[in-house]
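Dear colleague,

I am passing on the structure below, together with an account of what was found in it. Please keep it open beside the text as you read.

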Amino acid sequence: MRVLFISSPAATHFLPMLPLVRALQAAGHEVLVTGQPDVTGPAEAAGLATVTHGDAFHYEDLCGGKGPRGPRPIETVGRPPAQQIDGAAQMWRNHTSYHLPDYLELARDWKADLVVSDHMDFAAPIVGEVLGIPSVEHRWGVNPTSTSTLRMTLMWLGPLCGRLGLDSVPGPSLILDPAPPALRSTDAPEGRPIRPLPHTDGRAPWAYATSPGAPGCRVAVALGGHTLELGGAPLVRIVVAVLERTGGVEAVVSAPPRFREAIGALPKTMSYTDETAPGVLFPGADLVVHHGGAGSTLGAAALGVPQLVLPQVGDQFIAGDKVADAGAGISLDSAGLQNNDTHLTDAVRALLSDPGYRQDAARLRQQIQEMPGAAEAVGVLEDLVSHQTVRA
């Protein structure tokens, strides 16, 4: 098969599809990745063939805030209402027409047999319908667009599809969902499970000095590049201070060098790293402190690590809610809670000392291990291309 991957222009939307890419290649299929530089850059770094269209999108510009010096979006507008979070699909729907002609031409010229995209890209099903090939939606997190908002979003694509000779707005032939049952959405179209794999960026896990199970606790602090770009350095500084006061903590703090002066020098038991991949930072940790990004949420869940979620924008709040509801962590979803030493200290100590959080995190890990992997999904896709349907 020739499989064309299209992603909405954010690296974090593409990377969860990488295990499927690798599985397809291992099965002897050809893969091509297309999109804006935000996507094709990481794809090229992973050694994949790519075709780039347009300029970088700079997704972080849409997140609000006033840059590295803050304030953070959560400090300015607080937690967005649920309708606004779900309505993010409208923004990506507006983006659909920008490169749809490019994608159509590429898929036609390359003779693609199948097109795969993330759930915020609405061009792939249109490409598939126009060319008469199946399309697959691969979700990247725990908060896909609800059914009601999805209907509204697709309705606005009607005129565009009409100009292409389509009678209606197509949906994907198949949906792949990486969320385990305890984190899965109940108000979005049901998908076929696919096991999420924490991204490693091709590197080995972080080498903690403290042995697993030894006195003391190993903590990974990974609040995300967007959080730091949007005024998050003071928050990281607060987290570091809380971990130092907790005592007996060894921590790795993910932060590019340009932010480290604003965060400050770290205690002797803590180290900075440029690394951001969950599959590098989270293995062996007793606690992960993160922002609710999809990769971090599912990465920690797949590894059975309790989570302290400090959401900043968009569906990060939903991820925090789901982790907390599953009993695998705590979410502090307001600036008042996140910036308060007492609340942060109480959360960290509870997550490190209460065995209930680790037990529930282990249950999440077990659910994920029981999900079919990418190699099994390849067989489903082969069947889809051969028969234009998925047999039970």
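Two residues are said to touch here when they are in contact, which means that they have heavy atoms within 4.5 Å. Please also bear in mind that this is a predicted model.

Leaving aside residues up to four places away in sequence, glutamine 312 touches Arg72, Pro73, Ile74, Thr227, Leu235, His291, Phe317 and Gln338. Glutamine 312 sits in the loop between strand S12 (307-309) and helix H15 (316-325), and because its relative accessible area is 5%, under the 20% cut-off, this residue counts as buried. The C-alpha of glutamine 312 is 9.7 Å from that of proline 80, although 232 residues separate the two in sequence.

The largest cavity has a volume of about 80 Å³. Its lining is made up of Ser7, Ser8, Pro9, Trp92, His95, Thr96, His99, Tyr103, Met120, Asp121, Phe122 and Ala123, which divide into 6 nonpolar, 5 polar and 1 charged. Helix H6 is the element that gives the most to this lining, with 5 residues.

Tryptophan 92, one of the residues lining the largest cavity, also takes part in the 1 aromatic pair that the structure holds. The ring centres of phenylalanine 57 and tryptophan 92 are 5.4 Å apart and the ring planes stand at 35 degrees, so the pair is classed as tilted. Because phenylalanine 57 lies in the loop between strand S3 (50-52) and helix H4 (73-77), while tryptophan 92 lies in helix H6 (residues 88-110), the pair ties together parts that are 35 residues apart in sequence. As for covering, phenylalanine 57 is partly exposed at 23% relative accessibility, whereas tryptophan 92 is buried, with a relative accessible area of 4%.

Turning to open spaces, the second largest pocket has a volume of about 190 Å³. It is lined by 17 residues, and those that lie nearest its centre are His119, Phe122, Glu137, Leu150 and Pro172. Strand S4 (114-118) and helix H8 (147-155) are the elements that give two or more residues to the lining of this pocket, and by class the lining has 9 nonpolar, 4 polar and 4 charged residues.

Which residues have the most contacts inside the largest nonpolar core? They are Val219, Leu243, Val289, Leu308, Leu310 and Leu344, in a core of 32 residues. Two or more residues each come from strand S8 (217-222), helix H11 (233-246), strand S9 (249-254), strand S11 (287-290) and helix H17 (341-353), and the largest share, 8 residues, comes from H11. Leucine 243 touches Val219, Val221, Val249, Ala251, Met270 and Val348, again not counting residues up to four places away in sequence. Apart from this core lies another, of 27 residues, among them Trp92, Ala107, Met120 and Phe122.

Helix H14 (residues 294-303) is mostly covered, since 8 of its 10 residues are buried. The buried residues of H14 are Ala294, Ser296, Thr297, Leu298, Gly299, Ala300, Ala301 and Ala302, and what covers them includes S8, helix H13 (278-281), S11, S12, H15 and helix H18 (355-369). Just after H14, glycine 304 takes a positive phi of about 70 degrees.

Two further residues have a positive phi although neither is a glycine. Lysine 111, with a phi of about 60 degrees, lies in the loop between H6 and S4 and is exposed, with a relative accessible area of 63%. Aspartate 201, with a phi of about 55 degrees, is placed in the loop between strand S7 (192-193) and S8 and counts as partly exposed at 41% relative accessibility.

With kind regards

Methods:
Residues numbered from 1 in each chain as written. Predicted model: local features only at pLDDT ≥ 70, side-chain atom pairs only at ≥ 80, totals over all residues. Heavy atoms only, no water. 1 Å grid on protein atoms, 1.4 Å probe; cavity = no way out; pocket = protein on both sides within 12 Å on 5 of 7 lines; lining within 4 Å. Points joined across faces, edges and corners; volume = space filled by probe spheres on them. Helix = DSSP H or I, 4+ residues; strand = E, 2+ residues; numbered from the N terminus. Nonpolar A, V, L, I, M, F, W, Y, C, P; charged D, E, K, R; others polar. Phe/Tyr/Trp six-rings, centres within 6.5 Å; stacked < 30°, edge-to-face > 60°. Buried < 20%, exposed > 50% of the residue type's maximum accessible area, 1.4 Å probe, protein only. Core = buried A, V, L, I, M, F, W, Y, C linked by side-chain atoms within 4.5 Å.
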